[in-house]
Amino acid sequence: MLVDIHTYKQTDTGNPAVRNLTFSEAEKLFSSDRKGLFSVGVHPWFINEYSNETIENLRKWTKDERFFAIGECGLDKNVKTCLDQQILVFKEQIQLSEQFHKPLIIHCVGCFNELFDLKKELNPVQIWIIHGFRGKPELAKQALKAGCALSYGEHYNPESVRVTPLDKLFAETDESSQKIEEIYNQLASIKLCNVDELNAGYVLLKSLLNIL
Ligand SMILES: [Zn+2]
């Protein structure tokens with residue numbers, strides 16, 4: 001089982017995938033009987049769409065087992081929304097993540113110190129997965145030391161993959177046209193291991209969903 005921890009595509013490969021939804025997609029999906037695993041959250045790019053209702057919706061959906069992770073959420077220094085506001089919205093989602101035992105899929109651009117400070121301050125139990133990690137190995141080491149896990153997609157620094165332990169290493173297709181199998185194969189060749197040994201996603205799935 002090659003888990004795709006973050007994708008926008010509907011896949012039919014037989015591998016489990018966590019599909020990221022917009023709020024309107026989530027509204028439809030969680031009131032349907034459609035199978036799958038999904039993530040939904042307030043992305044730092046779309047904080048202007050955020051309201052109390054947004055958080056109430058997230059809270060409502062947390063009861064659904066298909067709601068696997070909260071995200072993308074996080075911090076981005078390239079958006080107009082001030083960082084204080086971004087942190088506020090992120091913290092609301094961290095709280096939901098802890099309360100309802102959902103991992104976080106984190107989008108972080110240029111705000112890693114703030115992210116690590118939050119991790120230290122809040123000391124969460126839930127796993128924080130930084131998605132689409134492209135940072136250098138020094139940053140990867142800092143993130144790992146802070147207790148975060150890293151998810152790699154189409155673009156990454158191979159040295160960072162090398163320093164990421166297998167139990168903190170996830171794979172994703174995100175918006176790429178690459179297949180998850182290709183990404184796993186590349187990561188495995190960097191880690192000098194078998195594709196099956198890259199099983200952080202699978203272990204997480206297993207622990208949260210009681211699957212074999
Ligand atoms: Zn992102």
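Cysteine 73 has isoleucine 106 of β5 as its bridge partner. The model examined here is predicted. Six bridges join β4 to β5, and the two strands run parallel. Together with helix α3 (residues 83-99), β4 and β5 form a right-handed β-α-β unit.

On to the next strand. Isoleucine 106 also has a bridge partner in β6, isoleucine 130. Strand β6 (residues 128-130) runs parallel to β5, and three bridges join the two. Strand β5 is mostly covered, with five of its six residues buried.

Three residues supply the protein donors: Glu72 through OE, His107 through ND1 and His131 through NE2. These donors lie 2.1 to 2.3 Å from the zinc ion. Their spacing in sequence is E-x34-H-x23-H. Glutamate 72 belongs to strand β4 (residues 67-76) and histidine 107 to strand β5 (residues 104-109), so this pair ties together parts that are 35 residues apart in sequence. Glutamate 72 counts as buried because its relative accessibility is 4%, under the 20% cut-off. Histidine 107, at 8% relative accessibility, likewise counts as buried.

Lysine 145 lies in helix α5 (residues 137-145). With a relative accessible area of 79%, lysine 145 is exposed. Phenylalanine 116 is 29 residues from lysine 145 in sequence. In space, the C-alpha atoms of lysine 145 and phenylalanine 116 are 9.2 Å apart.

Technical notes. Residues are numbered from 1 along each chain as its sequence is written. This is a predicted model: local features need pLDDT of at least 70, side-chain atom pairs count only at pLDDT 80 or more; totals for chains, interfaces and linings use all residues. Side-chain values use heavy atoms; hydrogens and water are left out. Donors are N, O and S atoms within 2.8 Å of the metal (3.2 Å for Na, K and Ca); water is not among the atoms, so sites may look incomplete. Helices (H or I, at least four residues) and strands (E, at least two) are DSSP runs, numbered from the N terminus. Buried means under 20% relative accessible area, exposed over 50%, partly exposed in between (1.4 Å probe, protein chains only). Two strands pair if DSSP finds at least two bridges between them. A crossover is right-handed if, with the strands pointing away from the viewer, the path from the first strand over the helix to the second runs clockwise.
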